[in-house]
Amino acid sequence: MRILLVEDDRRVAAALSSALTRRGYEVEHAATVAAALSAAPCDLVLLDLNLPDGDGVDLCRELRRRSPQLGIIAVTARGEERDRVLGLRLGADDYVVKPFSMVELQARIEAVLRRAAHTLPERNSIEAGVLRVDVAARTVAVDGRAVALTRKEFDILLSLARQPGVAVPRERILLDVWGTTWADRHTVEVHVASLRGKLGDARLVETVRGVGYRLRAE
């Protein structure tokens, strides 16, 4: 899960980056509008509205124009109602006023990422090698053999099957399946082990050390 932190105060940026990294996010810091516009693609933007080379509101509008599904949270000292309304009307998904707690920010990040994920179109079925996942019917078959999975196991498999061959971070799986990234990582490991056993071929779900898991794409 990649977050772009747009914040001109380097002390604030360093503290936020450290706290977010500890929670499993990959963070890129941009101190200006220009740096934010040239940053690598991300899943969510934490956007300060007071920037040295332009207005964060205009930046918010431009980011939303470029990526309609991008999660954007305005993080700013501007707490007046007209500022909050303006930010939301111009494309921000949420608005957090400084000072705030990391618990509150974490909850808002998770809520925005969940909403962004639900706006993406879902395929009716997914095929990857010998594996077939029927999304609508919530059924799974391996080489034509039906496999009975629990709800959590199916949701983990679906999280991986949406991007066969791509490493999916544990944090993304936690968010997709449990609705939070702030949970015991061993929970994912236990369910993946059970999933592998039921699929009948442990190699179908590969471990990507230090990242998460990947569905083998043939």
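Is Cys 42 buried, partly exposed or exposed? Cys 42 is partly exposed, with a relative accessible area of 21%. That value sits just on the open side of the cut-off, because a residue counts as buried under 20%. Keep in mind as you read on that this is a predicted model.

## The chain as a whole

Let us start with the overall make-up. The secondary structure comes to eight helices and 14 strands. The chain has 218 residues, of which 45% count as buried. If we take the contacts between residues at least 6 apart in sequence, 55% of them join residues at least 24 apart.

Cys 60 is buried, at a relative accessible area of 2%, whereas Cys 42 is partly exposed at 21%. A search for disulfides across the whole structure finds zero.

## Leu 37 and its partners

Leu 37 belongs to helix α2, which covers residues 33-37. Its relative accessible area is 29%, so Leu 37 is classed as partly exposed. Which residues does Leu 37 touch, not counting those up to four places away in sequence? They are Leu 59, Glu 62, Leu 63 and Arg 66.

What does the side chain of Arg 64 meet in a polar contact? The partner is the side chain of Asp 93, at 3.0 Å.

Asp 48 is found in the loop between strands β3 (44-47) and β4 (50-51).

The side chain of Asp 48 reaches the backbone nitrogen of Asn 50 at 3.2 Å. Leaving aside neighbours within four places in sequence, the contacts of Asp 48 are Val 6, Glu 7, Asp 8, Gly 56, Val 75, Thr 76 and Lys 98.

## Backbone exceptions

Most residues other than glycine have a negative phi, and most peptide bonds are trans. Lys 98, one of the residues in contact with Asp 48, is joined to Pro 99 by a cis peptide bond with omega about -5°. Pro 99 lies in the loop between β7 (94-97) and α5 (102-118).

Arg 138 is not a glycine, yet its phi is positive, at about 55°. It is placed in the loop between β9 (131-134) and β10 (139-142), and with a relative accessible area of 40% Arg 138 is partly exposed. Asp 143 likewise has a positive phi, near 55°, in a residue other than glycine. Asp 143 is in the loop between β10 and β11 (145-147), and its relative accessible area of 65% makes this residue exposed.

## Helices α6 and α7

Two packed helices are described by the angle between their axes and the distance between the axes. How do α6 and α7 cross? The axes of α6 (residues 151-161) and α7 (residues 170-178) come within 9 Å and cross at roughly 130°, which means that α6 is oblique to α7. The crossing of α6 and α7 is right-handed. On the α6 side, the contact is made by Lys 152, Asp 155, Ile 156, Ser 159 and Leu 160. Arg 172, Ile 173, Asp 176, Val 177 and Trp 178 contribute from α7.

Helix α7 is mostly covered, with seven of its nine residues buried. The buried residues of α7 are Arg 170, Glu 171, Arg 172, Ile 173, Leu 174, Leu 175 and Val 177. Just after α7 comes Gly 179, with a positive phi of about 80°.

Key. Residues numbered from 1 in each chain as written. Predicted model: local features only at pLDDT ≥ 70, side-chain atom pairs only at ≥ 80, totals over all residues. Heavy atoms only, no water. Disulfide = S-S within 2.5 Å. Buried < 20%, exposed > 50% of the residue type's maximum accessible area, 1.4 Å probe, protein only. Helix = DSSP H or I, 4+ residues; strand = E, 2+ residues; numbered from the N terminus. Contact = heavy atoms within 4.5 Å. Polar contact = N/O pair within 3.5 Å; in protein donor to acceptor, adjacent residues only side chain to side chain. Axes fitted to C-alpha atoms, helices over the stretch in contact; angles between N-to-C directions. Parallel < 35°, antiparallel > 145°, perpendicular 65-115°, else oblique. Left-handed = near helix turned anticlockwise from the far one by under 90°.
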